[in-house]
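Subject: Structure handover, with notes on helix packing and a pocket

Hello,

Here is the structure you are taking over. My notes follow it.

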Amino acid sequence: MTSNSEYNEATTATEVARAFANYIRGKNVVITGVGPNSLGESMAIAVATQDPSNLVLASRTKAKVEEVIGKVKQITTKTTVNFVELNLSSQESIRKAATTINSLLDRIDVLINNAGVMVLERRSTDEGIELQFGTNYIGHFLFTNLLMDKLKHASKHSTPGATRIINVTSQGHRLSPVRFHDYNLEGKEVPLDEQPPPGLPPMFSVDGGYSGWLAYGQSKTANILFSVYLSQMLKPAGIVSYAVHPGSIWTDLSRNLDEEGTEIISKTGTFWKTADQGSATMLVAAFDPALSESPEPYDVYLSNCQFAETAPHASGSERAEKLWQLSEELVGRKFDL
């Protein structure tokens, strides 16, 4: 359970940061996907109000992140803020960014994997992986593992469960399991347990081998299973991971959607949240000390600032381990946690 049962979809990140000020002050925090009018900006500003030691903002466009850094510096002079260029659709860029961050910080207390894309037409990463799966999940898989030594160092000097990896997911995970036999959505035959749930409208079907919606759903399911695996394997070392649905927020993530797509996104919550409301659950996941007492490593999904249930295909240690093995193949490297 969480510390504040009264927190809900209207709670703001500003409120959450204030409530957990003692758990933010002096911490080193890394956030991906930061730009003006984004959830990343909202999180950075809320966290900055409570004087963390270091904020590393990793994103693609320096000019956009510098706008956010300017706002942070107006809030606090006690926090060192750095921009690191990160393109999650390029494994070469990810490796360079991780090397830079490892040189900047002696430890990472909280990593928030917030960046994401949503597209309806087929696109690919530099490595030829379907863009949404490759960016939203595989990119963060590689990035997180390359920073793991700094996370483990932080966990040795903090209370168990205080070192955290937050993966931003979505209610969109309910659209699709991970398609292990067809992760690029090329029209290959998949077993029943990798097919979309029954009863979805025709627009969610695989047409010509590709559906942007199913690709997005697959990537968001992968984000949750990533947290399941990390929590299962790292909890003995004092590191936990949570996957968070922020709610319906109008951000650049939705810029490629048509009117029908926008309506679908709006139904993932009961109202359009502000960025401050949308980033609240991420900060609960990142800093609420009560979450460290969660009895099972599979309790990883939060929505509206509280624990919630996932779709059945987004749970289970067997699926999580299978995804981990696929991910290692796609980045060409084994990671021993």
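Predicted model: local features only at pLDDT ≥ 70, side-chain atom pairs only at ≥ 80, totals over all residues.

Residues are numbered from 1 along each chain as its sequence is written, and side-chain values use heavy atoms, with hydrogens and water left out.

Helix α3 with its two partners

Helix α3 (residues 39–48) and helix α4 (residues 62–75) have axes that come within 9 Å and cross at roughly 15 degrees. Helices here are DSSP runs of H or I with at least four residues, numbered from the N terminus. Axes are lines fitted to C-alpha atoms over the stretch in contact, and angles run from 0 to 180 degrees between N-to-C directions. α3 and α4 are therefore roughly parallel (angles under 35 degrees; over 145 is roughly antiparallel, 65 to 115 roughly perpendicular, and the rest oblique). Their crossing is right-handed, that is, the near helix is turned clockwise from the far one by less than a right angle. E41, A44, I45 and A48 of α3 make the contact with V68, K71, V72 and I75 of α4 (heavy atoms within 4.5 Å). Six of these residues are nonpolar, none polar and two charged. Ala, Val, Leu, Ile, Met, Phe, Trp, Tyr, Cys and Pro count as nonpolar, Asp, Glu, Lys and Arg as charged, and the others, Gly among them, as polar.

α3 also packs against helix α11 (residues 280–287), at about 50 degrees with the axes 10 Å apart; the pair is therefore oblique. This crossing is right-handed. L39, M43, A46 and V47 of α3 meet M282, L283 and F287 of α11, giving seven nonpolar residues, no polar and no charged.

The axes of α6 and helix α8 (residues 212–234) come within 7 Å and cross at roughly 20 degrees, so α6 and α8 are roughly parallel. By class the contact has seven nonpolar, eight polar and one charged.

The second largest pocket has a volume of about 190 Å³. Its lining comprises 13 residues, with N145, M148, D149, R333 and F335 nearest the centre. α6 (131–146) and α7 (148–156) are the elements that give two or more residues to that lining, and α7 gives the most, with four. The lining residues divide into five nonpolar, two polar and six charged. A pocket is an open set of points on a 1 Å grid over the protein atoms alone, where a 1.4 Å probe fits, with protein on both sides within 12 Å along at least five of seven lines; lining residues have an atom within 4 Å of a point. Points are joined across faces, edges and corners, and the volume is the space filled by probe spheres set on them.

Regards
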